[in-house]
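Morning, everyone. I have one structure to walk through today. Please look at the screen.

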Amino acid sequence: MSRIGKNAVHIPSGVTVTITGDLITVKGKLGETSATVNNLVKVTIDGQDVHVSPANDTREARMMWGTGRALVAKLVKGATEGYTKSLDMVGVGYKAAMQGNDLVLNLGYSHEIRLSPPAGIKIATPKPTEIVVTGIDSQQVGQVAAQIRSYRKPEPYKGKGVMYQGEKILRKEGKKK
């Protein structure tokens, strides 16, 4: 029995959840998001709760039970609160700025890097060395943050680069004589 799957997902006030076949659509104050749930699970709405249960008693259905419930919970959280990833830049001359809708990064290369965020993603730079990525879809927010980090990954000797806020970099010792 799935410990995660048997818990119901509470629908906050101001949020509407609609189910059409395998497609679940959630509308909230931040926008609308949808996802397809595996047909091995059955999703039902009971008042202010969404219940997920296995469609049959096979092993695969029981495996997808908790996954389906977690997917519904992420949709509801995204429509009400949204998701945020923060990145810090460490290094001499490393800075970020918004020019219109584009993010402009100076990361020690001979050229600046421009990134145009996809639809549904907002990027802000509260400080020149801090980037905040927000959006309704957790996968898309993580993908954009990972793309920004990949332009200059943190290096282990001086700790310079673009890193997630709170990320610990395992430092190495330099050469010895």
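A word on the source. This is a predicted model, where local features need pLDDT of at least 70 and side-chain atom pairs count only at pLDDT 80 or more, while totals for chains, interfaces and linings use all residues. Residues are numbered from 1 along each chain as its sequence is written, and side-chain values use heavy atoms, with hydrogens and water left out.

Now the overall build. The protein chain has two helices and 13 strands. Those are DSSP runs, numbered from the N terminus: helices are H or I, at least four residues, and strands are E, at least two. The radius of gyration is 21 Å, well over the 16 Å that the globule rule gives for 177 residues, so the chain is more spread out than a compact globule. That radius is taken over C-alpha atoms, and the rule is 2.2 Å times the number of residues to the power 0.38. The C-alpha atoms fill a box of roughly 65 × 45 × 20 Å along the principal axes.

Next, burial. Of the 177 residues, 33% count as buried. Buried means under 20% relative accessible area, exposed over 50%, partly exposed in between (1.4 Å probe, protein chains only).

On to the strands. Strand β5, residues 41-46, pairs with strand β6, residues 49-54. The sense is antiparallel, over six bridges. Two strands pair if DSSP finds at least two bridges between them. β5 and β6 form a hairpin with two residues between them. Gly47 sits in that turn, with a positive phi of about 70 degrees. Asp46 has Asp49 in β6 as its bridge partner. Ile45 stands opposite Val50 in β6.

β6 also pairs with strand β1, residues 9-10. That pairing is antiparallel too, over two bridges. Here Val9 stands opposite Val50.

Last stop: Glu130. Is Glu130 buried or exposed? Glu130 counts as buried, because its relative accessibility is 13%. Its place is in strand β12, residues 130-135. Neighbours within four places in sequence aside, Glu130 is in contact (heavy atoms within 4.5 Å) with Leu87, Asp88, Ala124, Thr125 and Gln165.
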